[in-house]
Amino acid sequence: MQKQKKIPLRMCLGCQEMKPKKELIRVVKNQAGEISIDFKGKKPGRGAYICNNIECFRKARKGKKFEKAFSQAIDDQIYQQIEEELETQDE
């Protein structure tokens, strides 16, 4: 009998649903405090996850979920950059 592999789950900051890690996009804060999007999930640093859905991102932004996850204020320019990357990812 083959052992079933455990699938890591993470919670989306927007919709608050637990989903498989591979279905989510990781937003990461590195040691220097820079925040960026991590499509591969390999960058070092503190990660927060959102669905590959612009609505989930907007919900998380409105509820200041990223600020809470990273314990710091986030510049609007970073939000714009993440939103643009998500929109181009959907195409």
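The model is predicted, so local features need pLDDT of at least 70, side-chain atom pairs count only at pLDDT 80 or more, and totals for chains, interfaces and linings use all residues. Residues are numbered from 1 along each chain as its sequence is written, and side-chain values use heavy atoms, with hydrogens and water left out. Helices (H or I, at least four residues) and strands (E, at least two) are DSSP runs, numbered from the N terminus.

- Buried means under 20% relative accessible area, exposed means over 50%, and partly exposed lies in between (1.4 Å probe, protein chains only).
- Two strands count as paired if DSSP finds at least two bridges between them.
- E3 is joined to strand E5 (residues 46-51) by 6 bridges, and the two run antiparallel. In this pairing, isoleucine 25 stands opposite isoleucine 50.
- E3 also pairs with strand E4 (residues 35-38) in the antiparallel sense, over 4 bridges. Valine 27 stands opposite isoleucine 37 in E4, and lysine 29 stands opposite isoleucine 35 in E4.
- The hairpin of E3 and E4 has 5 residues between the strands, and glycine 33 in this hairpin takes a positive phi near 90°.

**The nonpolar core**

- A nonpolar core is a set of buried Ala, Val, Leu, Ile, Met, Phe, Trp, Tyr and Cys residues joined through side-chain atoms within 4.5 Å.
- The largest such core has 21 residues, and Val27, Ile50, Phe57, Phe66, Phe70, Ile82 and Leu86 touch the most other members. Two or more residues each come from E3, E4, E5, H1, H2 and helix H3 (76-90).
- Isoleucine 82 touches Val27, Ile35, Ile37 and Phe57, not counting residues up to four places away in sequence. Contact here means heavy atoms within 4.5 Å.

**The largest pocket**

- On a 1 Å grid over the protein atoms alone, a pocket is an open set of points where a 1.4 Å probe fits, with protein on both sides within 12 Å along at least five of seven lines; lining residues have an atom within 4 Å of a point.
- The largest pocket holds about 210 Å³ of space, its volume being the space filled by probe spheres set on the points, which are joined across faces, edges and corners.
- Its lining includes Pro8, Lys21, Lys22, Asp38, Phe39 and Tyr49. Strand E3 (residues 24-29) gives the largest share of the lining, 3 residues.

**Loop residues**

- Glutamine 16 lies in the loop between strand E1 (9-11) and strand E2 (18-20). Its phi is near 65°, a positive value in a residue other than glycine, and glutamine 16 is partly exposed, with a relative accessible area of 38%.
- Glutamate 17 lies in the loop between E1 and E2 and is partly exposed at 43% relative accessibility. Glutamate 17 touches Arg10, Met11 and Cys12, not counting residues up to four places away in sequence.
- Lysine 64 lies in the loop between helix H1 (54-62) and helix H2 (65-70). Lysine 64 has a positive phi of about 55° although it is not a glycine.
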